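Subject: Structure handover

Hello,

Here is the structure I promised to pass on. Please open it and keep it beside this email as you read.

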Amino acid sequence: RRIVLVADGETPPRDHLPTAPEITPALPSVTQYPPNDTPFPLTIAQPFTGMEMVRRFGYDPQGWKFNGTEITVPQTKQFMLVSVGSQPNWNALQTALQKEDVIPQGQWCDAFKAAYPEPDGKGPVGVAKSSWVDSNGHADFPSVDSDGATRFHWAGLGFDDGWRWLVEAQA
């Protein structure tokens, strides 16, 4: 790059005239969750307890219990998002999901959130393991809501067709 000095009132050479900056419109940041029924990897590099997940999700762990299996070693597995339509209750959901693949341990919900921190706004993603019991005695399962918030949901409700479920993909 060459600097050309020009006295007041003189015209700089044509190849040194300032040009308008190139303007590229800013595109909104769009995070794409993997398409349904398409395997993708998730990793838990630093294992954590089920009760630590309660804290990570912003809950006071006082009065909570974790009845699931702890993930104690780093691991990477293949997962898929699946939709199983509206389900009237937890038992119907479990039956529908078991036809798909293996329902993983709930801690994989946190790994999903870490891998996909920005929500796609197309509905919640849940892990259908009700391994947590909240301070009211309700069995809860973890999810990433449509707005990206992580939370636990009571397993005593029905589920509309907007839900996607994280399942472990089998080779």
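Below is what was found in it, starting with the overall build.

This is a predicted model, in which local features need pLDDT of at least 70 and side-chain atom pairs count only at pLDDT 80 or more, while totals for chains, interfaces and linings use all residues. Residues are numbered from 1 along each chain as its sequence is written, and side-chain values use heavy atoms, leaving out hydrogens and water.

**Overall build**

The protein has 3 helices and 8 strands. Helices (H or I, at least four residues) and strands (E, at least two) are DSSP runs, numbered from the N terminus. Along the sequence, their order is β-α-β-β-α-α-β-β-β-β-β.

There are 171 residues, and 39% of them are buried. Buried means under 20% relative accessible area, exposed means over 50%, and partly exposed lies in between (1.4 Å probe, protein chains only). The protein exposes about 10,200 Å². Carbon and sulfur atoms supply 51% of that area. Accessible areas come from the Shrake-Rupley method with a 1.4 Å probe, and for residues only the protein chains shown count as cover.

Now the contacts, meaning heavy atoms within 4.5 Å. Take those with a separation of 6 or more: 72% of them join residues 24 or more positions apart.

Helix α2 covers residues 90–98. Which of its residues are buried? They are W90, L93, Q94, A96 and L97. They sit on the same side of α2, because they cover an arc of only 165 degrees around the axis. That arc is taken from the directions from the helix axis to the C-beta atoms. N91 and Q98 are exposed on the other side of α2. The cover over the buried residues of α2 includes β3 (75–82), β6 (139–144) and β8 (164–168).

N89 caps the N-terminal end of α2. One of its side-chain oxygens lies 3.1 Å from the backbone nitrogen of N91.

Helix α3 spans residues 108–115. Its buried residues are W108, C109, D110, A111 and F112. Their cover includes β1 (40–44), α1 (50–56), β3, β4 (125–126), β6 and β8.

**Aromatic rings**

How many aromatic pairs does the structure hold? It holds 20. The planes of F112 and Y116 are at 35 degrees and their ring centres are 5.1 Å apart, so this pair is tilted. Here is the rule: rings of Phe, Tyr and Trp (its six-membered ring) pair if their centres lie within 6.5 Å; planes under 30 degrees apart count as stacked, over 60 as edge-to-face and the rest as tilted. F112 and Y116 are both buried.

Ring pairs also link F57, Y59, W64, F66, W132 and F152 into a cluster. W132 lies in strand β5 (residues 132–133). With 0% relative accessibility, W132 counts as buried. The W132 side chain reaches the backbone oxygen of G50 at 2.9 Å.

A charge also sits over a ring: R56 lies over the face of F48, at 3.9 Å from the ring centre. The rule asks for NZ of Lys or CZ of Arg within 6 Å of the ring centre and within 35 degrees of the ring normal.

F141 lies in strand β6. Its relative accessibility is 0%, so F141 counts as buried. F141 and S130 are 11 residues apart along the chain, and their C-alpha atoms are separated by 4.4 Å.

D145 lies in the loop between β6 and β7 (150–154). Is D145 buried or exposed? D145 counts as buried, because its relative accessibility is 13%. Its side chain makes polar contacts with the side chains of S143 (3.1 Å) and H153 (3.0 Å). A polar contact is a pair of N or O atoms within 3.5 Å; within protein, one must be able to donate a hydrogen and the other to accept it, and residues adjacent in sequence count only if both atoms are side-chain atoms. Not counting residues up to four places away in sequence, D145 touches P119, P124, R151 and H153.

G148 is in that loop between β6 and β7 too. G148 counts as buried at 7% relative accessibility. Leaving aside neighbours within four places in sequence, G148 is in contact with K113 and P119.

**One backbone angle**

D37 is found in the segment before β1. D37 is not a glycine, yet its phi is positive, at about 65 degrees.

Best wishes
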